[in-house]
Amino acid sequence: MGAGGFGISIGRCQDRRFDSISRMMHESTAHLNLWKHRLGRVPEPVWERTELETLVLADNDLTEVSEKIGSLRKLRMLDLGHNKLSQVPDALGDIVGLTDFLYLHDNQLVSLPASFACLTKLRYLNIGDNAFKELPECVTEMSSLIELRVSGNPLTSLPDSIGNLSRLRELHLRDTQLTTLPESIGMLRELRQIDLRGNPITNLPESIASLPRLDKLDLRWVTTLVAPAWISDLEAGGCAVYR
């Protein structure tokens, strides 16, 4: 096939892809899944879909997301994982009805907008595999969080305000740079699981032993910790401690 024919072939493939996207954008009024479509940028018509409740834009080589996303006030779930985002728009904090899931994992984020503190109904947040050196304070204002995933970031500490997340059940901190946890972890009375695999932990606060619902403490591949005596008390109380 000549060069001209090759170009026509690519053009036809692109046309078919755009036609496919166009069809999907009209198939459902509440749900739009554009996973792995190599978009590069979000098509403008997406921001006009103000009736959307779920939006999947994962794995699309996105480097930015428009502030227009704030117009999608009915969103309950948003997936921006596996992209190339170094920042996310302030307007995300305007989607105060975001309740179910927010996926921001596998990007290049170092911070989150302060407006995220307004997402007080959100129950699941995944910001794993980014470049966070500290947990953004706005995350600790998300008072409805049940599951928080921060694994794969170069975190060296957690803020004392982590204790504000009184509904949290799962805290995933695998493969960070944590050497300890704050005493305020003991305020998370609903906490069931703490995942600390692969961290350079050297000590843990005794307040963990007082968590009434904790049933899993994962310390696998932690080679720097001398197990404190209260670990045995946890195990005796029915908590599975993996080490």
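Me: What pattern does the chain follow when read along the sequence?
Reply: This is a predicted model, in which local features need pLDDT of at least 70, side-chain atom pairs count only at pLDDT 80 or more, and totals for chains, interfaces and linings use all residues. Residues are numbered from 1 along each chain as its sequence is written, and side-chain values use heavy atoms, with hydrogens and water left out. There are 2 helices and 10 strands, taken as DSSP runs numbered from the N terminus (helices H or I, at least four residues; strands E, at least two). Along the sequence the pattern is α-β-β-β-β-β-β-β-β-β-α-β.

Me: Where in the chain is confidence lowest?
Reply: Confidence is expressed as pLDDT, the predictor's confidence in each residue, from 0 to 100. The chain has a mean pLDDT of 93, and 88% of its residues reach 70 or more. Strand 5 has the highest confidence, at 99, whereas the lowest, at a mean of 55, belongs to helix 1 (residues 3-27).

Me: Is His-105 buried or exposed?
Reply: His-105 lies in the loop between strand 4 (101-103) and strand 5 (124-126). Buried means under 20% relative accessible area, exposed over 50%, and partly exposed in between (1.4 Å probe, protein chains only). Because its relative accessibility is 13%, His-105 counts as buried.

Me: Which residue is 24 residues from His-105 in sequence and 5.6 Å from it in space, C-alpha to C-alpha?
Reply: Contact here means heavy atoms within 4.5 Å. Leaving aside neighbours within four places in sequence, His-105 is in contact with Asp-79, Gly-81, His-82, Asn-126, Ile-127, Gly-128 and Asn-130. The residue at that C-alpha distance is Asp-129.

Me: Which residues touch the most other members of the largest nonpolar core?
Reply: A nonpolar core is a set of buried Ala, Val, Leu, Ile, Met, Phe, Trp, Tyr and Cys residues joined through side-chain atoms within 4.5 Å. The largest has 66 residues, and those touching the most other members are Leu-55, Leu-112, Phe-116, Leu-148, Leu-181 and Leu-196.

Me: What is the relative accessible area of Asp-175?
Reply: Asp-175 is placed in the loop between strand 7 (170-172) and strand 8 (193-195). Asp-175 has a positive phi of about 55 degrees although it is not a glycine. The residue is partly exposed, with a relative accessible area of 41%.

Me: Is Trp-221 buried or exposed?
Reply: Trp-221 lies in the loop between strand 9 (216-218) and helix 2, and has a positive phi of about 65 degrees although it is not a glycine. Because its relative accessibility is 51%, Trp-221 counts as exposed.
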